[in-house]
Amino acid sequence: MNKQTIVGRVALALCAGAVLASLYSCGGKGPATNAQSSTAGAGGAAAIPPSTGTPANPATSLSLAAQVGQQLFFDVSLSGSGKQSCASCHDPAHAYGPPNNLAVQLGGPNMADSGNRAVPSLRYQEYTPPYADLLDNPDGISAPGPGGGFTWDGRAGTLAEQATIPLLDPHEMANASGAAVVAKVKAAAYAPLFLQAYGANAFNDPAAAFKNIAAALQAFQLEDISFHPFSSKFDLYAGNKIGGNLTPAETRGLKLFSDPNKGNCASCHYQGAGLNGSSALFTDFSYEAISVPRNTAIPANSDASFIDMGVCGPLRTDHLPSAPGAANSFCGMFKAPTLRNVATRSSFFHNGVIHSLEQAIRFYNTRDTNPEIWYPTVGGMAKAKPDASFPTYGLITTQYVGGKVQKFDDLPAAYHGNIDTQMPLDGRKAGSTPPMTDDDVADLVCFLKTLNDGYQPSSQPTSGPCTN
Ligand code: HEC
Ligand code: HEC
């Protein structure tokens with residue numbers, strides 16, 4: 001059957017459901033409906049506090065809790081440095097992702113400490129269920145596996161739980177304690193709004209107040225339309241709306257994206273009906289090991305014994321191997337993130353080692369056929385004049401004679417068996433033909449750009465690489 005028809009129908013049916021569920025209008029048209037009644041999803045969304053009273057600001061449809069959350073989200077005084085808010089790393093002008101091309105951001109009391117991981121976008125997080133070792137896969141075909149939860153390793157069960165991590169992390173907002181955060185909110189201009197939302201005695205118990213701060217940040221992310229605008233070209237296309245005609249290049253890209261024998265991207269970045277009534281989030285919330293190269297630009301990685309293995313730690317601590325190297329099927333797994341707005345990013349994967357979308361796709365395409373352009377070679381000699389056929393799009397642009405490629409250099413050998421073997425990362429031999437051609441890679445980039453929010457049909461280019 002024609003793929004376009006299937007995708008269009010699925011999205012239409014789900015859009016109708018989503019509107020009934022009161023939160024969103026599909027295709028980016030129209031404002032959010034009364035957000036006070038929002039009940040998006042289960043799990044991650046379940047802990048929304050009941051909103052209290054009428055909005056303090058009648059111009060907003062946000063609940064009081066979410067209005068507090070909005071103030072908190074942009075408040076730089078909530079950091080040890082006095083210079084950093086949530087928005088400093090999760091910039092609304094960059095789809096709530098990082099505002100720059102750094103692999104990891106700076107933070108800490110003097111804004112001099114480096115984080116360990118790339119900053120994810122905060123868009124479309126609201127459907128994410130809490131982490132489970134055996135989460136049902138929304139595709140209805142794949143066996144249940146690790147899925148759900150927030151951060152790259154799923155260690156936070158709700159958005160509220162997640163919000164406490166950066167507030168207290170010494171490399172991020174670096175507050176000494178929850179009580180220290182509460183004291184800052186108490187001194188803030190919006191303290192009266194906090195009291196209006198949570199009661200006249202809301203500052204008396206610092207532990208309860210800190211919980212409410214986290215809940216308010218969650219409410220803001222759940223309710224504000226800017227976190228789930230569904231205003232991409234793809235949304236127009238999927239909803240059969242005017243302006244949603246994909247160009248030939250984008251159409252070929254979509255086909256590659258879902259073709260199990262080519263990109264096969266959809267098998268993890270799932271674009272069908274998702275969990276909790278969602279649709280086309282371009283993730284199935286699952287965790288896999290794809291073994292991106294170690295990023296030497298991350299200061300923590302200068303210690304060879306520090307290896308970020310995702311679900312099995314060390315940042316997450318409930319799935320640690322029983323001894324170093326002991327069997328553990330969770331090592332190396334990271335969350336398959338949504339690909340919505342991915343083309344607005346300039347650092348990719350959990351460690352930000354890749355800096356362009358094209359390069360990210362090249363990695364998928366040639367990790368196995370040309371591991372020497374992604375992973376370091378030891379013991380070789382640099383070739384004075386590289387072969388004309390030596391690819392220049394990898395992380396390593398020196399061609400070596402002899403030596404050994406350290407494939408999967410950021411995961412101990414004991415865990416290489418955890419690495420996923422689906423297309424396009426199917427473990428084919430070095431030197432063999434990659435699954436996709438150069439033209440395929442270009443078409444896939446064109447398609448992924450249709451997932452950027454804020455699309456204006458009138459701005460559709462009539463020339464350029466993605467038109468034909
Ligand atoms: C210094 C930069 C920085 C600041 C400041 C920051 N974050 Fe983050 N945020 C990150 C990084 C890095 C991650 C990924 C963490 C991980 O995987 O361990 C993340 C992850 C998240 C996630 C999980 C997203 C997902 O894909 O699962 C949420 C939600 C989030 N942050 C919300 C917030 C909120 C709310 C604040 C303010 C209280 C905040 N962040 C402040 C860097 C930052
Ligand atoms: C086997 C599951 C799987 C398949 C198939 C897959 N991905 Fe991914 N993708 C992941 C996982 C897991 C991550 C995160 C890995 C990490 O950070 O270590 C990821 C991350 C990404 C990122 C980085 C996003 C960000 O915010 O940093 C991009 C871009 C991406 N994938 C694109 C694609 C494309 C394009 C395809 C098809 C060619 C594809 N993926 C196929 C699982 C998959």
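Analyst: What follows covers the ligand surroundings, some helix packing and a few backbone details of this predicted model.

User: How many residues surround ligand 1, and which are the closest?
Analyst: Ligand 1 is surrounded by 27 residues, and the closest are C86, C89, T151, W152 and P166.

User: Which helix gives the most to that shell around ligand 1?
Analyst: That is helix 4, which contributes five residues. Helix 3 (86-89) and helix 4 (159-168) each provide at least two residues of the shell.

User: And how do the residues of that shell divide into nonpolar, polar and charged?
Analyst: The shell around ligand 1 has 15 nonpolar, nine polar and three charged residues.

User: Which residues come nearest to ligand 2?
Analyst: G263, C265, C268, F349 and H350 come nearest, out of 27 residues around ligand 2. The largest share of this shell comes from helix 10 (residues 357-366), with four residues. By class, the shell around ligand 2 holds 18 nonpolar, six polar and three charged residues.

User: Back to helix 4. Which of its residues are buried?
Analyst: L159, A160, Q162, A163, P166 and L167 are buried in helix 4. They lie on the same side of helix 4, because they cover an arc of only 155° around the axis.

User: What do the buried residues of helix 4 pack against?
Analyst: They pack against helix 3, helix 5 (178-186) and helix 7.

User: At what angle do helix 2 and helix 7 pack?
Analyst: Helix 2 (residues 64-73) and helix 7 (residues 206-223) pack at about 100°, and their axes are 7 Å apart. Helix 2 is therefore roughly perpendicular to helix 7. The contact of helix 2 with helix 7 comprises 11 nonpolar, two polar and one charged residues.

User: Changing topic, which peptide bond at P314 is cis?
Analyst: The bond from G313 to P314 is cis, with omega near 5°. P314 sits in the loop between strand 5 (287-288) and strand 6 (334-335). A cis peptide bond also joins M423 and P424, with omega about 0°. P424 belongs to the loop between strand 10 (404-405) and helix 11 (438-449).

User: Where is F230 found, and what is its phi?
Analyst: F230 is in the loop between helix 7 and helix 8 (233-238). Its phi is near 45°, a positive value in a residue other than glycine.

User: Is F230 buried or exposed?
Analyst: F230 counts as buried because it has 25 C-beta neighbours inside 10 Å, where the cut-off for a buried residue is 20 or more.

Notes:
Residues numbered from 1 in each chain as written. Chains lettered and ligands numbered in written order. Predicted model: local features only at pLDDT ≥ 70, side-chain atom pairs only at ≥ 80, totals over all residues. Near = placed C-beta within 6 Å. Nonpolar A, V, L, I, M, F, W, Y, C, P; charged D, E, K, R; others polar. Axes fitted to C-alpha atoms, helices over the stretch in contact; angles between N-to-C directions. Parallel < 35°, antiparallel > 145°, perpendicular 65-115°, else oblique. Buried ≥ 20, exposed ≤ 12 C-beta atoms within 10 Å, placed from the backbone. Arc of directions from axis to C-beta. Contact = placed C-beta atoms within 7 Å.
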